[in-house]
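Visitor: I am new to this structure and would like to learn how to read it. Could you walk me through some features?

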Amino acid sequence: MELLKRLSETPGVPGREERVRELILSEIGPLVAETRVDAIGNLIAFKPAGKKPPRGWAVEKVMLACHMDEIGFYVRAIDDEGRLRIQNAGGFDTRNLFARRVLVQGKRDLIGVLNPTGRPVHIATDEEKKKIPTMAEFFVDLFLPARKVKQLVRVGDPVTLIQTLEQIGDCYSGKCLDNRVAAWVAINVLRKIGKRSPCDIYFVATAQEEVGCRGAGTSAFGIDPDIAIAIDTTLACDTPGIDKADAVTRLGEGIGIKVMDSGSISSRELVDAMVALAETKRIPYQLEVLPRGATDASSMQRSGAGRRTITLSVPTRYIHTVTETCHVADLKAGVDLLSAYLTK
Ligand SMILES: [Zn+2]
């Protein structure tokens, strides 16, 4: 819980992942033989095979991709009153952005308040109340004179939503569990497997996934793994107002084994292998078909000459809001299944 809390509360917009990268590096460093940061900002950690593969088998290279960036903003302009206009980096539903606290990484860290332009409910017209503002209508108020704001903040500074991680019921709820839960799963897998894996493992905390799976493509090209596994969140639409057939996954019913989304179709062989392992080890799982959305698997599958890929998905409710929620049992199932796969 303590590690997940730190992962969730540390900022890292696409392209400015340095703080969360440092945190992941400090956790993963002692578990691997080598670490490096590449040109786009991916953190690559190498853990060599700890035991010989079965006779007649070559040592396979397995890449684990966990994107470390989160949806956020960059300062786009500072107006004469010292209010910040922002550009989103990643897909927000603007209905979830009213009345939020944000962190502005200026010359020093500043807390601001995010709201759309316009009048408060008391004096808004019926028309105004119905309107859904566009991203461009939002601004950040730092409650400082313009002169002071301009000393502390520049165009291009990162802005992220503020939210603490809390345990609620059997779940963890907070911001950017998409995709900090993946780093949490992978770190726990590396701890658990010790020297028991017959494959060379490349753990990659990828950069810039939320703006088009950019870091995963370059790192897969560089590493050229035989097998690439993305760990990411997926929709758990098991909530009121959504047909059961559209749930995609259900919270607490096991780790998602992705069959397809709109970015990649998983290698059938890998899907079958994961299902067989989950069945024999009695690890709860659910098969996932996501009509729209993609993970790092999409670019790992296609970079260079391509490779077998799959995504393991952590079911997540209220995705891309600051109330993203994952179930403890699904996180445990994810660690168990990936550990079993990497040690078999
Ligand atoms: Zn994600």
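Guide: Let us look at pockets and then at packed helices.

Guide: This is a predicted model: local features need pLDDT of at least 70, side-chain atom pairs count only at pLDDT 80 or more, and totals for chains, interfaces and linings use all residues. Residues are numbered from 1 along each chain as its sequence is written, and side-chain values use heavy atoms, leaving out hydrogens and water.

Visitor: What volume does the largest pocket have?

Guide: Rolling a probe the size of a water molecule over the atoms shows where empty space is left. On a 1 Å grid over the protein atoms alone, a pocket is an open set of points where a 1.4 Å probe fits, with protein on both sides within 12 Å along at least five of seven lines; lining residues have an atom within 4 Å of a point. Grid points are joined across faces, edges and corners, and a volume is the space filled by probe spheres set on the points. Here the largest pocket has about 520 Å³. It is lined by 20 residues, and L290, R292, G293, A294 and H320 are the closest to its centre.

Visitor: Which strand gives the largest share of that lining?

Guide: Strand β13 (residues 227-235) does, with four residues. Strands (E, at least two residues) and helices (H or I, at least four) are DSSP runs, numbered from the N terminus.

Visitor: Which residues of the second largest pocket are closest to its centre?

Guide: The second largest pocket has a volume of about 340 Å³. Among its 13 lining residues, F98, T117, G118, R119 and E128 lie closest to the centre.

Visitor: At what angle do α1 and α5 pack?

Guide: Two packed helices are described by the angle between their axes and the distance between the axes. Axes are lines fitted to C-alpha atoms, for helices over the stretch in contact, and angles run from 0 to 180 degrees between N-to-C directions. Helix α1 (residues 2-9) and helix α5 (residues 177-193) pack at about 140°, with axes 9 Å apart. Contact means heavy atoms within 4.5 Å; L3, L4, L7 and S8 of α1 meet residues of α5 including W184 and I187.

Visitor: How do α2 and α5 lie relative to each other?

Guide: The axes of α2 (residues 18-28) and α5 come within 10 Å and cross at roughly 15°. The two helices are therefore roughly parallel, a term for angles under 35 degrees. V20, I24, E27 and I28 of α2 contact R180, A183, I187, L190 and R191 of α5.

Technical notes:
Parallel < 35°, antiparallel > 145°, perpendicular 65-115°, else oblique.
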